[in-house]
Amino acid sequence: YDPELLAGRTPAARAYQAQLKQEQLVDSQPGYPWWNQKARMFNRATNGLYAPGSTFKVLTALALLDSGTVQPGDTFDEYDTRIMHNGKLLGKTGHPANMTVDLPAALEVSCNGYFYRYSQDLADSPQEAWDNLGEFARRFGFGRPVSTDMGATKCARLPSSERVWAQNLAMLAIGQGELVTTPLEVARFYAAVANRGTLVVPHLCDEAGLWPEQIELAPETWDVVHQGMRRVVEGAHGTARQDTVLKRIRCAGKTGTAENGKGIPDHAWFAGFAPHDEPQVAFVILAANSDLYGADVAPVIGECIERYLQRTGVLPGPVVRGK
């Protein structure tokens, strides 16, 4: 929306205000999808809470490596839609990798089974495992208020461990279940991944007070996760491999498609940073309730980031050819 027109008194401003009022009347009619109500006036970035889907796998990967639960070469055979462990069904996946994957490959192909399986080993019980993973998420800002000049912001909701069992833990490890977060928290996390542990404070004004936190992880941990994120774009099986603009900006990223239950359209996410060899910007795009895939929305943010990097001189500007 245009804040100047909302505050204006000109005929154009009054017409604009009447249009928004009419939209809100339509929103309130019975049968109108609740997820689109008052959408124009709603700050999704700071106050929307959404299942992060597979964008959360990057955090789970860091937790698995940092805790020593997995080594980079530990593999999982995902050749079935049914993911079993210790004779029990952990869950099903609609897109089995049909291959043996290690951690970088699990990020590249967005393998659910790998994270279903190895999240169980974060502790002796699912409840303790979620305590560990949830606390790791809090270290990266999820579920914690942040002091910023951006106004009131909501925080991620992380379920209590009493509500977690093996199958539920598997879903939480891939950003589903009762876990919801704001796009701003996801962007802040990916900025910390890009700069290898500095949890920045989002702000609007240069004068804002900034007190970043430093999260210490082994250099090898960052290397492995960065490799997997690069393969999302550059790998032979990467979920965002078909987009040329992401390759041009040398992007490292992660797609995500979050399910919302029967009858409610999925969310599509893409998050990452660029350039991968010397990160300058981290980003996230969310197409809420769009029923798209993360790879569908990746080119949109890719073009935005390309223009930003061209404007700042990191990438060469577009060639303008004469007649």
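Trainee: What joins S8 to S9, and through how many residues?

Mentor: A hairpin of six residues joins S8 to S9. Helices (H or I, at least four residues) and strands (E, at least two) are DSSP runs, numbered from the N terminus. This is a predicted model: local features need pLDDT of at least 70, side-chain atom pairs count only at pLDDT 80 or more, and totals for chains, interfaces and linings use all residues. Residues are numbered from 1 along each chain as its sequence is written, and side-chain values use heavy atoms, leaving out hydrogens and water.

Trainee: How do I read pairing, and in what order do the three strands of the open sheet stand?

Mentor: Strands of a sheet pair through backbone hydrogen bonds, either parallel or antiparallel. Two strands count as paired if DSSP finds at least two bridges between them. Here three strands form an open sheet in the order S7-S8-S9, with antiparallel pairing. Strand S7 (252-258) and strand S9 (281-287) are the edges; each pairs on one side only. On average, neighbouring strands of this sheet are turned by 10 degrees against each other, direction ignored.

Trainee: How many bridges join S7 to S8?

Mentor: Seven bridges join S7 to S8. Seven bridges also join S8 (residues 267-274) to S9. Look at alanine 268. Its bridge partner on one side is threonine 257. In S9, alanine 287 stands opposite alanine 268.

Trainee: Which helix packs on the sheet, touching S7, S8 and S9?

Mentor: Helix H12 (residues 294-311) does, and its direction makes about 35 degrees with that of S8. Axes are lines fitted to C-alpha atoms, for helices over the stretch in contact, and angles run from 0 to 180 degrees between N-to-C directions. Contact means heavy atoms within 4.5 Å. Helix H10 (residues 219-234) lies across S7 and S8, at about 75 degrees to S7.

Trainee: Are the residues of S8 buried or exposed?

Mentor: Buried means under 20% relative accessible area, exposed over 50%, partly exposed in between (1.4 Å probe, protein chains only). In S8, eight of its eight residues are buried. In a regular strand the side chains alternate between the two faces of the sheet. His267, Trp269, Ala271 and Phe273 point one way from S8. Ala268, Phe270, Gly272 and Ala274 point the other way.

Trainee: Now a single residue. Where is asparagine 112 found?

Mentor: Asparagine 112 is in helix H6 (residues 112-119). Its relative accessible area is 7%, so asparagine 112 is buried. Leaving aside neighbours within four places in sequence, asparagine 112 is in contact with Ser54, Lys57, Glu78, Thr93, His95 and Ile174.

Trainee: With which side chain does the side chain of asparagine 112 make a polar contact?

Mentor: Threonine 93, at 3.0 Å. A polar contact is a pair of N or O atoms within 3.5 Å; within protein, one must be able to donate a hydrogen and the other to accept it, and residues adjacent in sequence count only if both atoms are side-chain atoms.
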